[in-house]
Amino acid sequence: MLHCGKTGSPVPDTLRQDQDPRVTLITPSAPISTPSHGGRAKCLQRLVRLDLPVPRTVALSFDTVHRIAAGEMPDVVAILGEFAPGALLCVRPSSEDPDWGGPGSVLNIGMNDAAFVEYSERMGPELASDLYKRFVTAYAIHVARLDPDVFEEIDSPGEEGLSDVLRCYEDEAEEPFPQDPAVQLAEVLRSMARAWEGTTARLLRQAKGAPVDAGLGLIVQEMALGLGMGECGSGVLQLVNSETGQPQITGRYMSQSQGREALQCEQSSLYLERDPRGPSLEELAPGAFETLKDYAALVRCKLRVEMQIEFTLENGAVHILDAIRVKRSSRAALQIAVRLANDGIISQQEALMRVEPRGLSELLHRQIDPEAERDAIGRGVAASPGAATGKIVFSSSEAQASAARGEPCILVRRETSPEDVRGMHAAVAVLTERGGMTSHAAVIGRGLGLPCVVGAARMGFRLNDKTLLAEDGRRFREGDTLTVDGSSGQVLAGAPKMIEAALDETFHVFMSWADAERDIGIRANADTPADATTARNFAAQGIGLCRTEHMFFEAERITPMREMIFADSPDDRKTALARLLPMQRADFIELFRIMEGMPVCIRLFDPPLHEFLPSDRAGLRDLAEALDLPVSDVTRRVESMGEYNPMLGMRGVRLGIAVPEIYDMQARAIFEATLEASKEGAPVVPEIMLPLVSACREVELVRNRIDAVAAAVRNERGRDFDYSLGVMVETPRACLRADEIAQHAHFLSFGTNDLTQMTYGLSRDDAGRFMSHYVQQGVFPEDPFHRLDAEGVGELIRMGVERGREGNGGVMLSVCGEHGGNPESIAFCRNAGIDYVSCSPFRVPVARLAAAQLAIRDKIG
């Protein structure tokens, strides 16, 4: 086994006395840093410090490159003086972050007529011609900015092709190709510096997160050509698979003698692309192959990251040209981080910091293969991650029928409503014309782990014709195959190749490290036993929000629910609700048993009653038949219950006060389920939450009735139990009066979805139509339904936290909106003094890791 010692031969640590102070020879002690010279320059210095055989290299700082772009050149002759006479050079970019990009590298600088004669004698005219031709072509296109098509059309081999390229250059540039290496180098440096500071390049890197004033360094390196009489060639090598993160020696190798390029390899050999049965690098140069593996392992150990080694072989001798961080998928990033920690190279804390929380979604859901072709037909809001392929259906009933036939389907709707929940359960993905990050489809989709794209307003949704129009005008009908990518927001035609979800022991170990670090609780929003099971599997610390209204849409429950709505007296309502009581009780028993003593917060009935009534003629006729009433009477009653603004109408606690029998039934179901589930295992202490509270008197009125129900159940069953009662703070007034409200509650849970709606005066279901324009034009920095608005909504929450604790020092505080799964929003919650956040089950791992990273950052300052 390789130990982390030094190997290779040292690079001379000498400096010319007359060297330009803006130019730095890379030596172990040279003043090189990433903020001043870029990541590539700093990495090369680290390789030099490891005594690896790195060709002689000079670094130009950000300031020097900026001056070059302004027309102030360093001493180019002095730069050339750092290298052996006649050496060929390459210039490469060195930005602070490699993801910011940069101008392309230019190779073979110094190649001219005299060098061509010399190299022809050394390696033959064909290879020499190819070197020279490649340089002239690159120089013409990237430095002289000549028409690339003219040069790419020249395909003559050998000296004939070289002559054609030189003649073409002279014709297009109206001057001969420059022969002076100093002129060549100066023009390459100037071109690359100006390319970095151009408007297009600046906008591109700013889109990747680079600051406006991001600098570029340049490195000038002597080329190790990998050409000679013995085994020569060039390639790259790494020790892990970029997709899986598993140990696997992979790379590419171009042998001079074979002229063949290798493809990604298996196990311990670099196989040749054109002839997989041909000799591998291990067979061609076994000593060099072992040396490369040792170098890669040394770099991994000392630089504490998996690196891809760029190398050349020259007569069997290895030269290391560069090392870059291995490209990796999210699943590979996690595997690599855990292996580095297990090998003692990095700490567990550092391993946690190296994985992007949002990237965990790729492990939890199927994803489209990055190499797959995408035939995009539309785009919307990426509301629930993952990807799925299925046949188009346009109604909930069609989705259920498709699932019964075993056919995966995509449910396409203008927008979903609670009536569509059964169809969403049956579908493999959902696509809607309207909606945003907290619309019904988005929230339910995330809870189910269902890929979902909402707000695809540029597509045509012709539900009457059962036709979906692509943005480019193509028509897709019921039964056609689509793919919904909820991670990117794209809608694709056909069925691209997928990558399956992958949760293994490494994932669970990694998440256990995160749990040991975080200092804020993570619960899940779960409405069904399936949701609760998922939450438990993802190690949620309980249920922070159970929306009970979703339990009433099952086929056997919707009829008694509608009978209750049409009842004319409290007694009639109680009779109808008595049929729902055992169903609700069974739901809660199952939830309590799945969570095994963990806290379960149950929100009492919230939506307006008209959502449970049909709106189409067929539905009204069915309801009239079930109730034995004339259709006209049913139609008038349904119309009379409509509201101009249902979100602000008779819903939530208002419904509980106006129609108290509903909350009485739910409270009884909760308490009876509590006693039943407590017979085995830990005692259950349910948390009952009142939605849409604005005044403490609302809490007093409902609490008195719930206490009365609790007393009745205790007397009937002869057993005692505990419960806590809290308030869902989702109106601005509840935040302002939190001190009064908290005196009547055990906990306050900020429902940031509705709180954001009411603070902004935005409809969360309709904001998707214009939100992208607002974000693009800087009205909002981000969709406030996606990332919590710390300045506006956040100020109300901070006020609610402070005043709530003034009114009740022991009150528990939480956030149960979808913001609870957003890393930036979790940071706000920690700082605001929130005890726990709750989010969709599939976002729980993301929240656990984000919370751990925030705690670690605080510890390390």
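Reader: Which side chain does Arg 536 meet in a salt bridge?

Author: Good place to start! Bear in mind that this is a predicted model. A salt bridge pairs a side-chain nitrogen of Lys or Arg with a carboxyl oxygen of Asp or Glu within 4 Å. Here the side chain of Arg 536 meets that of Glu 596, at 3.3 Å from N to O. Arg 536 belongs to helix 20 (residues 529-537), while Glu 596 sits in the loop between helix 22 (570-595) and strand 25 (600-603), so the pair ties together parts 60 residues apart in sequence.

Reader: Is Glu 596 buried or exposed?

Author: With 55% relative accessibility, Glu 596 counts as exposed; Arg 536, at 27%, is partly exposed.

Reader: Where do Asp 633 and Arg 636 lie?

Author: An α-helix has 3.6 residues a turn, so residues three or four places apart point the same way. Both Asp 633 and Arg 636 are in helix 24 (residues 631-640), three residues apart, which is about one turn. They form a salt bridge whose closest N and O atoms are 2.4 Å apart.

Reader: Which residues of helix 19 are buried?

Author: Buried means under 20% relative accessible area. In helix 19 these residues are Thr 506, Phe 507, Phe 510, Met 511, Trp 513, Ala 514 and Glu 517. Looking down the helix axis, they fall within an arc of 150°, so they line one face. The face turned away from that buried side carries exposed Glu 505 and Ala 516.

Reader: What do the buried residues of helix 19 pack against?

Author: Their partners are helix 13 (330-342), helix 14 (348-353), helix 15 (361-364) and helix 34 (844-860).

Definitions and conventions. Residues numbered from 1 in each chain as written. Predicted model: local features only at pLDDT ≥ 70, side-chain atom pairs only at ≥ 80, totals over all residues. Heavy atoms only, no water. Buried < 20%, exposed > 50% of the residue type's maximum accessible area, 1.4 Å probe, protein only. Helix = DSSP H or I, 4+ residues; strand = E, 2+ residues; numbered from the N terminus. Arc of directions from axis to C-beta. Contact = heavy atoms within 4.5 Å.
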